[in-house]
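Subject: Structure handover

Hello,

Please find the structure below. My notes on it follow.

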Amino acid sequence: MLTTGYQTIKNYHHHENHKSHHTHDRKTAAGGPEIESRGTRKIKVVRRVLDANDIMARKNRDFFKDQNVFVLNMMSSPGSGKTTTLEKTLAHIMPDIKSAVVVGDICTTNDADRLSKTGVPVVQINTDEFGGDCHLAAHVIEKSLQGLDFENIDLLIVENIGNLVCPAEFDIGEDARVVVLSVTEGEDKPAKYPLMFRVCDAVLLNKTDLLPYLDYDREAAIKYIQQVHPGMPVFEISARTEDGFEEWLDWLKESITAKLGR
Ligand SMILES: Nc1nc2c(ncn2[C@@H]2O[C@H](COP(=O)(O)OP(=O)(O)OP(=O)(O)O)[C@@H](O)[C@H]2O)c(=O)[nH]1
Ligand SMILES: [Mg+2]
Ligand SMILES: [Zn+2]
């Protein structure tokens with residue numbers, strides 16, 4: 001089935017408290033009891049946001065289970081190669097694995113334009129009109145599901161907003177999480193952004209075709225990954241040349257089969 005159009009979601013109801021999730025207030029230098037209580041309040045607000053998200057994520061997870069669909073959350077810094085990896089991945093697994101994509105960006109439908117050429121149903125979420133959330137929260141995912149025909153979807157891939165920080169904190173009800181780390185980002189990113197690497201189930205170490213032109217220490221990168229998440233699979237790939245895709249695709253197919261039993 002060739003689907004060319006896609007939906008865009010711009011005006012979802014913004015989460016009451018996203019701004020509080022980012023606690024950048026630095027007016028706490030003086031110390032003392034007042035500061036302490038303010039610090040406590042902030043922690044409570046953040047906790048509430050994440051608790052509310054967890055409840056919504058649980059609902060999404062139940063829904064996905066009912067629909068017998070496997071959900072993959074793909075995360076990375078901006079430009080690591082999520083969309084390129086997806087374009088190539090979908091070309092390999094379609095039509096055997098009936099897939100759909102939800103893609104989040106602050107602005108533009110560029111990624112949906114690219115992904116819909118693969119023929120899969122695509123929903124583009126833009127967060128700009130409501131403060132430009134830099135992650136996809138569970139309630140936003142819930143909104144994006146309404147136009148998708150789950151009778152014909154076995155795999156839903158969520159391309160999260162390019163950001164190595166807060167998407168890691170927001171459970172969306174997915175079954176597996178992968179982080180794309182490109183070799184142009186430097187080998188120390190797993191050490192600098194450990195939460196992302198801790199919550200993910202696999203790493204796609206991308207753009208390996210560029211290695212001859214870089215002073216990149218791939219062993220150091222893998223060592224950092226294993227330090228924050230011992231035993232995590234690392235697939236060294238090039239989304240450009242499709243080098244290393246076989247192992248990645250095998251892992252993906254096995255993960256889907258483990259949930260769906262087919
Ligand atoms: N050389 C090389 N370039 C790549 C590879 N994968 C992606 N790129 C390039 O990297 C740039 C960013 O790729 P995208 O796939 O748009 O990255 P993204 O993670 O989806 O970006 P955002 O959604 O904006 O965060 C593009 O110019 C791609 O062509 C790769 O394996 N090798
Ligand atoms: Mg993209
Ligand atoms: Zn955020």
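Strand 6 (residues 176–182) is mostly covered, with 6 of its 7 residues buried. Strands (E, at least two residues) and helices (H or I, at least four) are DSSP runs, numbered from the N terminus. A residue is buried if 20 or more other C-beta atoms, placed from the backbone, lie within 10 Å of its own.

This is a predicted model, in which local features need pLDDT of at least 70, side-chain atom pairs count only at pLDDT 80 or more, and totals for chains, interfaces and linings use all residues. Residues are numbered from 1 along each chain as its sequence is written, while chains are lettered from A and ligands numbered from 1 in the order in which they are written.

Strand 6 pairs with strand 2 (residues 70–76) in the parallel sense, over 5 bridges; pairing requires at least two DSSP bridges between two strands. In this pairing Ser76 is opposite Val180 of strand 6. Strand 7 (residues 202–206) also runs parallel to strand 6, joined to it by 5 bridges. There, Val180 has Leu204 as its bridge partner.

Ligand 1 has 17 residues around it, and Gly81, Thr83, Thr84, Gly162 and Arg240 come nearest. A residue is near a molecule if its C-beta atom, placed from the backbone, lies within 6 Å of it. Helix 3 (residues 82–93) gives the largest share of this shell, 3 residues.

On confidence, the chain averages a pLDDT (the predictor's confidence in each residue, from 0 to 100) of 89, and 87% of the residues score at least 70.

Regards

Methods:
A residue is buried if 20 or more other C-beta atoms lie within 10 Å of its own, exposed if 12 or fewer, and partly exposed in between; C-beta atoms are placed from the backbone.
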